[in-house]
Amino acid sequence: MQYRLRRYDGEYRWILDIGVPRLNLDGSFAGYIGSSLDITDHKEAEQALAEMGRRLIEAHEEERTWIARELHDDVNQRIALLAVQLGHWAQDPPNSRIEITNHVHHVRKELAELGNDIQALSHRLPLFET
């Protein structure tokens with residue numbers, strides 16, 4: 001069994017107590033024999049490991065929240081703006097080949113920047129193996 005025990009100096013320590021019953025030759029109970037180990041360091045290491053795991057999960061969640069916000073607030077807004085611009089151009093098409101080329105170049109540039117930003121975001125996503 002495990003329990004806490006107060007040491008001579010007043011400090012509480014975790015103890016692992018292992019024992020088995022001892023019997024006399026006639027089969028009567030003679031007491032227990034065993035040992036007690038101070039496992040305080042092991043308990044503290046387990047607690048520190050659990051805390052580190054909790055912190056890692058929190059950091060993961062913060063990163064995922066940040067990425068979701070970036071996708072929603074930045075990427076979606078930029079895509080919506082491009083859609084509005086294309087809608088305006090469809091309603092009022094450019095008159096010259098140069099204007100068409102400029103519009104296509106603008107859209108191409110914006111899409112390339114979006115692609116680069118999405119790729120940079122994807123590199124921040126954690127990879128999970130199944």
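Predicted model: local features only at pLDDT ≥ 70, side-chain atom pairs only at ≥ 80, totals over all residues.
Local features are given where pLDDT is at least 70, side-chain atom pairs count only at pLDDT 80 or more, and totals for chains, interfaces and linings use all residues. Residues are numbered from 1 along each chain as its sequence is written, and side-chain values use heavy atoms, with hydrogens and water left out.

Start with the strands. Helices (H or I, at least four residues) and strands (E, at least two) are DSSP runs, numbered from the N terminus. Three strands form an open sheet in the order E1-E2-E3, and their pairing is antiparallel. Two strands count as paired if DSSP finds at least two bridges between them. Strand E1 (2–6) and strand E3 (29–38) are the edge strands, each pairing on one side only. On average, neighbouring strands of this sheet are turned by 45 degrees against each other, direction ignored. Such angles are taken between axes, which are lines fitted to C-alpha atoms (for helices, over the stretch in contact), and run from 0 to 180 degrees between N-to-C directions.

Strand E2 (residues 12–23) is joined to E3 by nine bridges, and the two run antiparallel. One of the residues to look for is Arg22, whose bridge partner in E3 is Gly31. Helix H1 (residues 40–91) packs on the sheet and touches E1, E2 and E3; contact means heavy atoms within 4.5 Å. The direction of H1 makes about 125 degrees with that of E2.

H1 has 52 residues and reaches 75 Å from its first C-alpha to its last, close to the 76 Å expected. The expected span is 1.5 Å times one less than the number of residues. At Leu71, H1 bends by about 30 degrees, the bend being the angle between axes fitted to the seven residues ending there and the seven starting there.

The largest nonpolar core has seven residues: Ile67, Val75, Leu82, Trp89, Val107, Leu114 and Leu121. Such a core is a set of buried Ala, Val, Leu, Ile, Met, Phe, Trp, Tyr and Cys residues joined through side-chain atoms within 4.5 Å. Buried means under 20% relative accessible area, exposed over 50%, and partly exposed in between (1.4 Å probe, protein chains only). H1 and helix H2 (97–124) each give two or more residues to this core, and H1 gives the largest share, four residues.

Arg78 lies in H1. Arg78 counts as buried because its relative accessible area is 18%. Beyond its neighbours within four places in sequence, Arg78 is in contact with Glu113, Leu114 and Asp117.
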